Amino acid sequence: MLTEEDIRNALRAVKYPGYSRDIVSFGLVKQIAVKNGAVSVSMALTSASPETVQQIKSNAEQALRAIPGVGPVMVEVTQAGAAAAAPQQGQWSAQNKVPGIQRVVAIASGKGGVGKSTVSVNLACALRQLGLEIGLLDCDIYGPSIPLMMGVSQRPTISEDEKMIPPSGHGIKLMSMGFLIEGDQPVIWRGPMIMKTIQQFINSVAWGPLDMLLVDLPPGTGDAQLSLCQTVPLDGGVIVTTPQEASLGVVRKGIAMFRKVNVPILGVVENMSFYVSPSGERDDIFGHGGGRAEAERQQVAFLGEVPLATEIRQGGDRGEPIVISGPSSAGGKAFVGIAGNLRRELA
Ligand SMILES: Nc1ncnc2c1ncn2[C@@H]1O[C@H](COP(=O)(O)OP(=O)(O)OP(=O)(O)O)[C@@H](O)[C@H]1O
Ligand SMILES: [Mg+2]
């Protein structure tokens with residue numbers, strides 16, 4: 001007799017058009033009903049062209065009709081609006097896509113140099129201080145900066161069951177391409193090799209039980225970042241912006257990228273939000289509030305703002321994130337606040 005699981009397995013053969021990942025792992029399949037060989041499946045897409053919808057529908061029908069013993073087949077594809085893609089309550093509870101890791105959260109930005117890695121390391125440390133077990137995966141193959149920012153240069157070792165044991169810094173388990181390459185050697189790799197390595201970083205690393213694995217994505221929202229979002233089974237994404245970037249539509253691009261792969265957006269962080277001089281004068285060097293305004297426009301959460309501060313850069317250069325070296329500084333407090341907000345968004 002046909003079961004729901006048979007149907008789901010058959011649908012795993014249907015790839016999302018243009019991608020290597022299938023529609024089941026993308027979370028598009030919402031409901032499956034089987035009765036006396038008759039099958040009905042409903043799917044929801046967030047942002048897809050009519051051609052894509054049609055193609056998924058006919059490919060799914062074809063896959064289902066090929067199951068031995070199947071009777072009438074009905075596939076319904078609905079187009080949910082952008083609002084429906086936002087995190088809904090209870091959405092997380094049932095999932096646990098990587099064994100031993102509760103949540104996988106990506107940190108992305110539309111452009112380089114906005115402080116994505118700085119936010120990643122400080123969020124990791126702040127979440128650790130909240131009592132969570134945290135891992136941090138540096139997916140920036142070409143410019144891995146996490147080892148330096150966390151002050152860790154030790155390489156991973158290999159366990160008896162041939163898994164990589166990630167080195168730790170400030171109580172956080174780390175994995176980065178920076179551990180595996182020699183010195184400043186540039187990495188000249190093609191896309192598929194990068195994807196393979198990242199897959200290994202997820203599956204062949206002994207992360208152990210983690211409450212959250214943070215993933216520092218390479219800058220940008222192009223194809224490379226998109227395929228990383230498909231390779232890593234993400235539960236949510238955080239977008240880092242400067243006030244200036246936000247006004248240039250960079251946040252919107254980040255949101256669009258996550259929505260394309262059905263990854264819920266956990267919120268926006270505005271970095272280099274303002275500057276307070278040693279004498280206490282405030283200067284909105286890059287403008288201020290663009291991140292919050294854009295988050296509101298896009299109906300996603302605003303997680304908080306981080307000041308531009310010399311100690312934040314110094315902390316990064318020294319391998320001691322500000323959350324560790326200056327927890328009571330404005331920057332340190334900002335990150336702890338953001339970590340709390342992030343945890344709430346995921347709860
Ligand atoms: N709030 C801040 N105050 C002061 N300096 C900062 C702040 N945020 C980041 N920086 C500094 O800005 C530089 C770029 O930051 P970071 O490397 O985190 O950006 P990124 O977005 O990860 O860059 P890339 O695109 O190269 O990966 C670093 O030298 C970092 O120390
Ligand atoms: Mg970086």
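# Report on a predicted protein chain

Strand β5 is joined to strand β9 (residues 172-176) by four bridges, in the parallel sense; strands count as paired if DSSP finds at least two bridges between them. The model is predicted, so local features need pLDDT of at least 70 and side-chain atom pairs count only at pLDDT 80 or more, while totals for chains, interfaces and linings use all residues. Residues are numbered from 1 along each chain as its sequence is written, chains are lettered from A and ligands numbered from 1 in the order in which they are written, and side-chain values use heavy atoms, without hydrogens and water.

## Overall form

The protein chain contains 12 helices and 15 strands (DSSP runs numbered from the N terminus: helices H or I, at least four residues; strands E, at least two). Along the principal axes, the C-alpha atoms of the protein chain fill a box of roughly 75 × 50 × 35 Å.

Buried residues make up 52% of the 347 in the protein chain (buried is under 20% relative accessible area, exposed over 50%, partly exposed in between; 1.4 Å probe, protein chains only). Of the contacts between residues at least 6 apart in sequence, 73% join residues at least 24 apart (contact: heavy atoms within 4.5 Å).

## The open sheet

Eight strands make up an open sheet of mixed pairing, and their order is β8-β9-β5-β10-β4-β11-β12-β15. The edge positions belong to β8 (168-169) and β15 (302-305); each has a single partner strand, so one side of each has no neighbour in the sheet.

Strand β5 covers residues 134-138, and five of its five residues are buried, so the rest of the structure largely encloses this strand. Cover is found on both faces of β5: Ile 134, Leu 136 and Asp 138 are buried on one side, and Gly 135 and Leu 137 are buried on the other. On the β9 pairing, Leu 136 is opposite Leu 174 of β9. Strand β5 also pairs with β10 (residues 210-216), again in the parallel sense, over five bridges. There, Leu 137 has Val 215 of β10 as its bridge partner.

Strand β11 (residues 236-241) likewise has two parallel pairings to report. One is with β12 (residues 265-270), over five bridges. In that pairing Val 238 is opposite Gly 267 of β12, and Val 240 has Val 269 of β12 as its bridge partner. The other is with β4 (residues 101-108), over four bridges, where Ala 108 is opposite Ile 239 of β11.

Six of the six residues of β11 are buried, and the strand is mostly covered. One side of β11 carries Gly 236, Val 238 and Val 240, the other Gly 237, Ile 239 and Thr 241, and all of these are buried.

## Single residues

| Residue | Relative accessible area and class |
|---|---|
| Val 152 | 9%, buried |
| Ser 40 | 29%, partly exposed |
| His 170 | 29%, partly exposed |
| Asn 36 | 79%, exposed |

Val 152 sits in the loop that runs between α4 (146-150) and β6 (157-158). Apart from neighbours within four places in sequence, Val 152 contacts Pro 147, Pro 167, Ser 168, Gly 169, Leu 174 and Phe 179. From Val 152 to Ala 44 the C-alpha separation is 43 Å, and the two residues are 108 residues apart along the chain.

Ser 40 belongs to strand β2 (residues 38-45). Its contacts, with neighbours within four places in sequence left aside, are Gln 31, Ile 32, Ala 33 and Met 74. Ser 40 and Gly 110 are separated by 70 residues in sequence and by 39 Å between their C-alpha atoms.

Two residues other than glycine have a positive phi value. Asn 36, in the loop between β1 (29-35) and β2, has phi near 45°. His 170, in the loop that links β8 and β9, has phi near 50°.
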